[in-house]
Amino acid sequence: MKIAMVGSGYVGLVSGACFADFGHDVVCIDKDDSKIEALRNGVMPIYEPGLDALVGTNVKAGRLSFSTDLAEGIRGASAIFIAVGTPSRRGDGHADLTFVHAVAKEIAETLENDAVIVTKSTVPVGTGDQVERILADANLSVRTAVVSNPEFLREGAAIGDFKRPDRIVIGCEDEFGREVMNEVYRPLYLNQSPILFTARRSAELIKYAANAFLATKITFINEMADLCEKVGADVQDVARGIGLDNRIGPKFLHAGPGYGGSCFPKDTLALLKTAEDYESPTRIVEAVVKVNDSRKRAMGRKVLDALGGADEARGKKVALLGLTFKPNTDDMRDSPAIAVAQTLTDAGVKVAAYDPEGMEQARPLMPEVEMVSGPYEAIEGADAVAIVTEWDAFRALDLKRVKELANAPVLVDLRNIYTPDIVREAGFTYESIGRA
Ligand code: NAD
């Protein structure tokens, strides 16, 4: 089966490479010439573990190719996926559907064969109807169906998530769409990944509801962490104590600096806008968005407190370890590190930062921060070390060396990756999240 993937970013490229690995014939299309040029030269435009090998193997096998030409790329494809960005619209937080609409129009203008058009991008309820209207307006003489197939992969573990998903959600209104989607996902069906067929609007909402629920879980434990600090409890124990209850589950109960990334912030906002448009308020999600927003700068203030307060902090130096919103990605979109760095530089603190993969993307977002070549380079002369992202490289820092290099032995661990007793025994002042 031939599949076209329009948009070759984190989702499109991983999905396309995985479909090719299942044996489909895949063309990944993108309007960004430099991305396609890099991919043709075997250079990955993003950092995702295992992606270069997966792409390499499938290109070599002749199952995966890249194009900037949509008309050419979709020719003969039975399924055409739309995997372009749907960022927050400036000003109001609605999902910006400009890219999705543009792709739908281009497909409508160029489609020459029967095909199922699949939105893999995260799109608000009703977007499938809009895509259907765009296709209908073109009076095509070929058969089409519009399907919603939201993606649940996580950056950093994207290939495993795509190949062994908890579930595949397909929102589909007719038999043609269902048949083609069954064929697309047959290899996963054989893996016994559950496929959930729903109405298209339900599928669209499932993606937002899932992200909002996970964002709520994170925000809930973050607030419990704040309470733990006040009452003298340990959030690690509280999280474990509630997470062992099967009805709650242990995942997404890690207290930290607040959720970030390319999905939760924009998707929670977009869900609020949908709820507003339909006059069906989602007050829990409203609270989650507010609490999380204020948390990020609060984390910056936590570092300032470790320096003796905002007045004392002026002119001092902080080493920021980890900038991406989570480890194993180079994605900086809405990373808590941006607000933490901003809070520090606003207070006149000098910041030196290191991240294993994210510095190139981080540089334009935090121009006042000095990017250095390793954790110990950042720590040299620092009055406090702050761990913002839990990369493995920061889990076993040589504390003796840190103490020697730093100006003062102060460690602020915003991810709780160290054991308080061990760090304190090594002579550090240690601050973490939710551990009094
Ligand atoms: P991305 O920005 O990495 O990639 C989008 C790509 O689409 C870019 O390369 C861009 O050049 C391309 N593009 C835009 N307009 C185009 C056009 N007209 N023709 C061809 N290509 C075009 O975005 P992403 O992170 O892959 O996210 C894509 C969608 O998937 C979003 O809706 C997002 O919410 C959703 N999603 C993302 C993740 C994630 O972890 N990143 C997970 C699940 C769902």
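Student: Why does His-254 count as buried?

Tutor: This is a predicted model, and the answer is a computed count. A residue is buried if 20 or more other C-beta atoms lie within 10 Å of its own. His-254 has 20 C-beta neighbours inside 10 Å, so His-254 counts as buried. His-254 sits in the loop between helix H11 (235-243) and helix H12 (264-277).

Student: What makes Lys-207 buried?

Tutor: The cut-off is 20 or more. Lys-207 has 26 other C-beta atoms within 10 Å, and is therefore buried. Its place is in helix H10 (residues 200-231).

Student: Leaving aside neighbours within four places in sequence, which residues is Lys-207 in contact with?

Tutor: Thr-122 and Pro-150. Contact requires C-beta atoms within 7 Å.

Student: How do you know that Lys-207 and His-254 belong to a "binding site"?

Tutor: That comes from UniProt, in an unreviewed entry. The record lists both, and its other positions include Arg-154, Glu-155 and Lys-326. Such annotations may be inferred rather than shown by experiment.

Student: Why is Thr-216 called buried?

Tutor: Set its count against the cut-off of 20. Thr-216 has 21 other C-beta atoms within 10 Å, so the label is buried. Thr-216 lies in helix H10. Beyond four places in sequence, Thr-216 is in contact with Ile-284 and Val-288.

Student: How far apart are Thr-216 and Val-169?

Tutor: In sequence, 47 residues. In space, 21 Å from C-alpha to C-alpha.

How values were computed
Residues are numbered from 1 along each chain as its sequence is written. This is a predicted model: local features need pLDDT of at least 70, side-chain atom pairs count only at pLDDT 80 or more; totals for chains, interfaces and linings use all residues. Helices (H or I, at least four residues) and strands (E, at least two) are DSSP runs, numbered from the N terminus. A residue is buried if 20 or more other C-beta atoms lie within 10 Å of its own, exposed if 12 or fewer, and partly exposed in between; C-beta atoms are placed from the backbone. Two residues are in contact if their C-beta atoms, placed from the backbone, lie within 7 Å.
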